[in-house]
Amino acid sequence: MATLETDSPKPPKSPTPATLPETPAAVLRHDWTVAEVKALYELPLLDLVYRAQTVHRAVWKDNKVQLCSLLSIKTGGCPEDCAYCPQAARYDTGVKAEKLMQVDAVLADAQKARAAGATRFCMGAAWREVKDGPQFDSVLEMVRGVKALGMEACCTLGMLSESQARRLKAAGLDAYNHNLDTGESHYGDIISTRTYQDRLRTLGFVRDAGIEVCSGGIIGLGETVEQRCEMLVTLANQPKHPESVPVNALVAVEGTPLEQQRQVDFTEMVRMIATARIVMPASMVRLSAGRLQMSEEAQLLCMMAGANSLFFGEKLLTTANPEFGSDMALLEKAGVKPLEPAVDKPVAQ
Ligand code: SAM
Ligand code: DTB
Ligand code: SF4
């Protein structure tokens with residue numbers, strides 16, 4: 001990944017899009033305002049994509065896309081009330097609560113994912129927070145096992161304590177996914193069982209433990225454009241940008257409070273990805289949930305706008321994702337090159 005000079009000259013404080021430098025990739029800013037980011041988001045679509053692609057090519061010279069695999073290691077029965085989530089116990093969505101998977105079964109899945117071309121393996125648990133004990137010990141073993149396969153290991157397990165973050169790091173965890181989900185001013189309409197500050201605190205523990213931060217959100221939760229931009233500003237103004245930023249489109253699941261939410265238009269995904277790319281030039285931007293509802297052309301436009309990572313495999317956590325074969329065919333016919341398997345030295349178990 002390119003290293004950027006953080007002490008490069010900064011652009012003027014509040015530029016309109018027309019006065020932004022031609023190649024904003026030359027600087028890594030941490031002082032964006034919502035108005036600036038909104039002005040970018042609202043540019044004519046192709047101007048926005050052009051800017052994002054310019055930034056993207058300046059930073060990501062090989063223009064490859066990372067293939068990530070996702071596995072729900074503990075499904076359903078979650079005590080939280082996230083209005084979008086099919087795994088919340090309080091909503092009748094047909095998702096059954098299951099126990100934490102066995103370590104061997106998880107590693108068998110990781111091996112399959114590696115054989116299919118995944119370089120990153122992300123394990124998700126429908127937990128509010130991690131509790132110390134045998135289940136967390138099993139997760140640590142899963143992390144060690146995934147690393148031994150030579151893959152990047154990522155987890156998303158809910159809130160963490162400082163010591164849990166350190167133990168995950170010691171097990172070899174590369175990245176921790178913990179999404180802000182939406183702008184702070186919309187958050188209370190979506191989740192009441194934990195706060196924005198709780199989320200930021202966990203991200204701080206992850207960062208301090210030396211684990212890469214993976215944090216982004218969902219569009220289509222009834223938020224305004226301003227609130228989408230608010231979320232991007234919170235992420236981009238962290239002392240260090242998240243190494244990866246997943247952009248999800250809501251998958252409106254029957255039984256959740258958001259079941260009637262209208263599907264986001266593909267141009268909104270493109271705008272969100274392009275804007276994320278411009279304000280966080282050196283972050284991996286992940287085209288995450290919602291691809292099944294997008295055409296091939298729309299997905300390619302997202303890649304042109306700066307998405308350089310996606311989840312592949314027939315399932316996300318509990319909802320469907322495009323078929324493996326159709327994803328491979330799309331990458332092949334477009335000549336999009338996947339990132340090669342991690343060159344990390346395997347960590348002994
Ligand atoms: N329980 C942990 C947590 O909430 O941090 C980890 C798993 S949780 C399912 C991971 C992320 O998936 C959420 O933060 C949310 O951004 C995303 N997600 C969940 N349901 C979704 C849906 N229906 N559509 C789009 N994204 C969704
Ligand atoms: C993220 O931002 N998106 C992924 C991953 N991180 C864990 C999860 C998407 C879940 C979509 C709903 C489901 O399949 O349950
Ligand atoms: Fe639980 Fe995570 Fe779903 Fe919220 S998003 S209900 S915390 S699994």
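## The chain overall

Of the 349 residues in the protein chain, 57% are buried, meaning under 20% relative accessible area with a 1.4 Å probe and protein chains only. Keep in mind that this is a predicted model, where local features need pLDDT of at least 70, side-chain atom pairs count only at pLDDT 80 or more, and totals for chains, interfaces and linings use all residues. Residues are numbered from 1 along each chain as its sequence is written, chains are lettered from A and ligands numbered from 1 in the order in which they are written, and side-chain values use heavy atoms, with hydrogens and water left out.

The fold has 11 helices and nine strands, taken as DSSP runs (H or I, at least four residues; E, at least two). Take the contacts (heavy atoms within 4.5 Å) between residues at least 6 apart in sequence: 75% of them link residues at least 24 apart.

## R291, an arginine on the inside

R291 belongs to the loop between β8 (284–287) and α10 (296–304). Is R291 buried or exposed? It counts as buried because its relative accessibility is 1%.

Leaving out residues up to four places away in sequence, R291 touches Q299, L310, F311, F312, N321, P322 and D327.

Note on methods
Buried < 20%, exposed > 50% of the residue type's maximum accessible area, 1.4 Å probe, protein only.
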